[in-house]
Amino acid sequence: MNIVVCIKQVPDTAGGVKFKPDGTLDRGAMLTIMNPDDKAGLEAALRLKDQYEGTTVTVVTMGLPKAEDVLIEAIAMGADKGILVTDRRLGGADTWATSSTIAAAIRNLDYDLIITGRQAIDGDTAQVGPQISEHLDIPVISYAQDIKVEGDSVIVNRQYEDRHHMLKAKMPCLVTALSELNDPRYMTPGKIFDAIDNKDEYITVWGRDDLKDLDDANIGLAGSPTKIAKASDKVKKGAGEKVALDTAEESVDYIMDKLLTKHII
């Protein structure tokens with residue numbers, strides 16, 4: 001079984017968020033991590049690899065050259081190889097342009113099962129995974145909280161509001177994973193050194209010209225039908241209103257009046 005896992009290098013918001021003048025994230029200036037939902041999807045693929053002999057796991061990411069770091073992390077966790085799709089012409093892509101590009105990269109690979117994260121913490125759209133499935137014309141099961149393989153089919157326990165669905169689909173199929181799906185494994189020191197020392201053997205870099213079945217009208221900022229009108233960092237809250245009252249009864253009366261005035265109660 002050949003499993004492709006799509007992962008994304010996302011900003012570590014604990015280190016602050018920076019923007020370019022055009023409103024897009026300045027990813028080159030921020031600390032980054034592997035997107036949590038994607039990491040759970042990678043762990044799910046690695047568990048299937050542990051279970052089924054002969055299974056290969058290929059991780060694919062699109063981003064700046066430094067996105068190689070998340071591929072090294074994935075290989076150190078146990079993935080077999082990584083694909084980095086990077087090209088200035090692909091920069092500034094929205095979900096449509098991103099999914100079009102990643103789907104074109106996946107067409108160059110053999111795959112039975114594609115796993116993506118439900119959504120990325122920098123965009124929270126949950127669109128790219130399902131869009132990839134549409135580009136590839138394969139079934140999609142989203143919000144997976146458990147994934148099993150039975151013969152040529154995948155069986156997914158899908159989270160759905162206050163209940164769950166059990167869905168079965170024949171492969172090839174795409175599944176989007178929740179971060180709650182599992183607890184991703186740690187990298188071992190030996191695998192970390194191996195992934196770093198032999199990264200040129202594990203990681204293949206593709207540019208725009210390596211993606212044959214892709215229309216230039218659907219890539220990068222120019223090929224993105226949605227544009228960011230305005231972006232800003234979190235706005236700090238003010239100190240608020242400070243009131244000094246003499247008794248507990250006065251404090252209760254004051255709070256009750258505010259709650260009534262604002263129609264909270």
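Mentor: Let us begin with E150, which is partly exposed, its relative accessible area being 45%. Please bear in mind that this is a predicted model.

Trainee: Which residue forms a salt bridge with E150?

Mentor: In general, a salt bridge is assigned when a side-chain nitrogen of Lys or Arg lies within 4 Å of a carboxyl oxygen of Asp or Glu. Here the partner is K168, with the closest N and O atoms 3.2 Å apart. Because K168 belongs to strand β9 (residues 163–170) and E150 to strand β7 (residues 140–150), the pair ties together parts 18 residues apart in sequence.

Trainee: Is K168 buried or exposed?

Mentor: The term exposed applies over 50% relative accessible area. K168 counts as exposed because its relative accessibility is 54%.

Trainee: How many salt bridges are there by this rule?

Mentor: The count comes to 15. One of them joins the side chains of D50 and R185, at 3.1 Å from N to O. This pair links distant parts of the chain, 135 residues apart: D50 is in helix α1 (residues 36–51), and R185 is in the loop between β10 (173–177) and α5 (189–197). D50 is exposed, at 56% relative accessible area, whereas R185 is partly exposed, at 26%.

Trainee: Which residues are linked with D50 and R185 in a network of salt bridges?

Mentor: E43 and R47 are linked with them in that network.

Trainee: What salt bridge does D213 form?

Mentor: D213 pairs with R107, and their closest N and O atoms are 3.6 Å apart. D213 is exposed, with a relative accessible area of 54%, while R107 counts as partly exposed at 35% relative accessibility.

How values were computed:
Residues are numbered from 1 along each chain as its sequence is written. This is a predicted model: local features need pLDDT of at least 70, side-chain atom pairs count only at pLDDT 80 or more; totals for chains, interfaces and linings use all residues. Side-chain values use heavy atoms; hydrogens and water are left out. Helices (H or I, at least four residues) and strands (E, at least two) are DSSP runs, numbered from the N terminus. Buried means under 20% relative accessible area, exposed over 50%, partly exposed in between (1.4 Å probe, protein chains only).
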